[in-house]
Structure formats: structure tokens, C-alpha cells
Amino acid sequence: MYSQRMLSIPWNSIHLKKGDVKPAVDPEKVVIYAMRFCPYAERAILTSLEKGLDFAIVNINLTSKPDWFLEMNPSGSIPVVEYKGGIVTGSVEASVFIDQVGGKSLQSSSDMSEEKSKKIIKKSSEALDILYKIIGFGSENQTAKDRKQYIRDISDILAFFAYELGETKTFFGGKTPNLVDLMIWPLFERLPMLPILYPNEDLTIISRHRKITSWVENMMTTSAVMKYKLEPEKLAKFYKVFAKNREHADYDFTINESPTNSEYLKDIR
């Protein structure tokens, strides 16, 4: 049984799969079709939280997607944002759209140029792609040497972030987070799971960058991150299974708190 407290939180909902009925949604409310562990969907959710919007989340099982979801977005990718009959796809596009729904824009809290903001966000997406390679997506035969090089590549991107952040800013948005901070955060939430997945390798990376370490500590105190973040251990458990065999992934184990397929988790502490 799921506690009422957990089900009252919009992202603690069962991931709907093929055969499940599309839930009724309020057309006057932003609805985000997401997956609890997805960094790209997290971008749209953090934006909604930071703006203080009243929004809803419909979680989707990416292994067995409902037909009605594929009709909404034939590519099957998430996030998808639905609002007043309109559909927006793509993590950055959806987040920018949400930012325009109401209230003060999260893009107006920085003197950073639009071109520079886009470059930083793009670099974070590149780092996420590398992170997925380390976890095992599309690189089943990788070695410890490969992972060491991947870490160097991510470290170079973090050094670029530190340079753009500078010595005086608390956030990329200045004294408060802006859209850039929120777009790149999902990468940093997931980096600490690497030493858990590979405990015998030196894959700790954030602490190598002093300014980024300080930025991460500041982001951890923001309301949006505090509400939505997952512990590295939970992320490691999910991605360990998801990368090896998506068919066995338990999308709902953070709700029912049952262990995910133990055969894949022998080396997860």
C-alpha cells in the first residue's frame, strides 16, 4: 500500500504503461509527462517548482509506453508538457515554455547572454550523454580505462562551468537560481552515483572543482532541489538495472520501497 503522504506529492505516482487509461487532467494546469529518474524531465519539474506553479505530473513507463502517450508524442521521449490544449516536447523547450506561463521569468535574473546560457545548457546535456556511457548505455564493453577518460571529459565541462560561474556568483542567476542553474542541476544530482556503481575506481569528480563544489552546496539548499532530488543510492539502483536490462527496471521502487531486482545489485552497497 502507498501512504497518502507519498501519493499527495505529484511526482510520487505510479508510472503508467501500455494498457493503462490516460488520466483526466485539468486543461488550466501545467501537466508534465515524465519519468521519476529522468534528468531531462527533471528540468521541467524543477522549473515548475522554482516558479511556484500548481502543476501535475503523469509518470510514464518508458519500457512499455501507453498508446495514448505515443499519440501525444510519437517519438516517445520525455518530458512532454500539456497546457490549455497545447503540447510542448523537449526538455529545454518545455522548461522555457513553463517559465513563460506566469510569474517572474527565471531567464531575467542574470546578466548572462542568451548565447552563453544556451552553450552552458548544451554542455550539460553533453556531460549527461557521457554519464550515460559510464553507466553502460551503448557501451557494454567499456573498460576502467574508458571510464577514466569519460571522467576527464566531464571534468573538462565542469571546469568550463566554473569559469563561467566566476568567483563572485552564488548561482549562474546571481544571488538566486535562474533557468541555467535548474537546467544543469540534474547532471550534478547524478554524478555522485558513479562511485557507488564502481566502488573500486576513482570516479569522484565534483570535489575536484572548488567553485563547483560551492555551487552544488548552494543548489542543495534551494526549495526546488530539496523537494525533488533523489539520493545517489536510489539513482544507482535504478540505473544499474535500467542500463543492463530495461525490461527489468522497477520504475516505482521509490514509492513501494521494495528492492529492485537484486540479481543486478550485488555490488551496490
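A contact is taken as heavy atoms within 4.5 Å. In this predicted model, local features need pLDDT of at least 70 and side-chain atom pairs pLDDT 80 or more, while totals for chains, interfaces and linings use all residues. Residues are numbered from 1 along each chain as its sequence is written, and side-chain values use heavy atoms, without hydrogens and water.

Among contacts in the protein chain with a separation of 6 or more, 73% join residues 24 or more positions apart. The chain has 12 helices and four strands, assigned as DSSP runs numbered from the N terminus (helices H or I, at least four residues; strands E, at least two). Of its 269 residues, 51% are buried. Buried means under 20% relative accessible area, exposed over 50%, and partly exposed in between (1.4 Å probe, protein chains only).

Helices α2 (residues 39-51) and α7 (residues 179-190) pack with axes that come within 9 Å and cross at roughly 135 degrees. Axes are lines fitted to C-alpha atoms over the stretch in contact, with angles from 0 to 180 degrees between N-to-C directions. The two helices are therefore oblique to each other; angles under 35 degrees count as roughly parallel, over 145 as roughly antiparallel, 65 to 115 as roughly perpendicular and the rest as oblique. On the α2 side, the contact includes P39, E42 and R43. On the α7 side, it includes L179, L182 and W185.

F188 touches L158, F161, I206, I212, W215 and V216, leaving aside residues up to four places away in sequence.

E247 lies in the loop between α11 (232-244) and α12 (253-256). E247 counts as exposed because its relative accessibility is 62%. C-alpha to C-alpha, E247 is 9.6 Å from L62, although 185 residues separate them in sequence.
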